[in-house]
Amino acid sequence: VRLRYVSRADVKFMHDEIFERECYGFDAIADGAKRTGVVIDVGANVGLSALWFAARSDAVIACEPIPRTFAALVENVGARENRGGETTTRDAATTCGVRGVEIKGAARDGRGMATVYAHDVGVGGERRDAADFVEFPRAAGWATRENARDDAETTENLIAYVLDALRGDGGGDDGLESNVVVGAGRWLRARVADDDDDATPLRRLASVIASFVLRVAVRCVAAYMLSGARVVKRPVVTVSDLIEAHGLDSVDLLKIDVERAELDVLNGVDETDWGKIQRVHLECHDSNFDRAVEVLKSKGAFDVVRVDALFGSARLRNIRASRRVAS
């Protein structure tokens with residue numbers, strides 16, 4: 001699979017998370033033979049999630065504010081989904097005066113890829129002509145609103161992810177590339193005793209040393225990935241703006257992955273629009289967790305709110321909200 005990307009480091013992780021571990025595969029959307037309605041993909045990055053949804057829905061509205069990442073999204077979706085189709089600049093469904101790119105799909109009889117409408121805008125709590133976003137050229141998946149940036153938490157989450165991933169057998173399903181550095185990391189991780197290990201004092205000492213070395217190494221990697229950050233000004237719309245612009249009566253799934261700005265996105269859903277949203281899949285950081293669940297249960301009135309840990313001791317979780325289907 002050939003993909004255009006901004007930073008190679010996070011492409012394999014995203015691909016494995018979406019296509020191998022099927023992180024968005026729950027309820028009806030897990031069944032590739034059964035198409036759902038419209039999906040709004042907030043924080044679409046380079047388009048992998050949009051491709052997943054396009055194979056399972058009637059239409060996808062994908063939003064990505066960082067210009068270089070958005071360009072990769074359009075190229076990837078156009079190349080993979082569109083094979084012989086047409087990519088056009090579309091003015092009909094403008095959002096906050098920003099033109100969208102319509103990538104026509106060829107979905108017929110429940111097969112093929114749905115049309116993707118891509119908008120190079122951020123999504124937040126209120127419409128703005130320009131807001132500050134921070135992009136990380138070495139880690140495109142960490143881009144977020146400037147006021148939501150938290151390098152310390154990002155570093156700790158990376159440490160938690162690496163320690164958890166390196167515990168595996170290296171079979172290729174952990175989101176890590178196979179190279180000398182990762183191989184050395186696996187060797188060190190194998191010497192870290194977990195809490196339930198019945199280890200000797202010498203083994204515990206070796207574990208402390210190995211854990212320290214690993215953490216220092218990952219902190220260095222995180223510092224490198226966070227370096228070169230740039231602030232860009234991009235327009236911001238709300239989820240309700242998208243619903244209005246595309247004339248939607250129903251949204252089958254609202255997916256949000258915006259690195260600590262998720263609560264702002266939820267606040268951009270008008271009270272009259274919550275009933276149109278059937279499901280929400282939200283990557284939520286601990287600082288927003290309690291409030292996000294409260295919004296989904298009170299304003300969203302979702303019957304089912306499920307919470308899953310992402311990996312290890314990372315301070316973020318997946319929240320999946322849905323409505324019960326009447327029997």
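Colleague: Which residues of α6 are buried?

Modeller: Ser207, Ala210, Ser211, Leu214, Val218, Ala222, Met225 and Leu226. Buried means under 20% relative accessible area, exposed is over 50%, and partly exposed is in between (1.4 Å probe, protein chains only). Helices here are DSSP runs (H or I, at least four residues) and strands are too (E, at least two), numbered from the N terminus. This is a predicted model, where local features need pLDDT of at least 70, side-chain atom pairs count only at pLDDT 80 or more, and totals for chains, interfaces and linings use all residues. Residues are numbered from 1 along each chain as its sequence is written, and side-chain values use heavy atoms, with hydrogens and water left out.

Colleague: What span should α6 have, and how far apart are its end C-alpha atoms?

Modeller: The expected span is 1.5 Å times one less than the number of residues. With 26 residues (201–226), α6 should span 38 Å, and its end C-alpha atoms are 37 Å apart, which agrees. After α6 comes Gly228, with a positive phi near 80°.

Colleague: Where is Glu22 found, and where is Asn45?

Modeller: Glu22 is in the loop between α1 (11–20) and β1 (36–42), while Asn45 is in the loop between β1 and α2 (48–54).

Colleague: Is Asn45 buried or exposed?

Modeller: Asn45 counts as buried, at 9% relative accessibility. Glu22, with a relative accessible area of 36%, is partly exposed.
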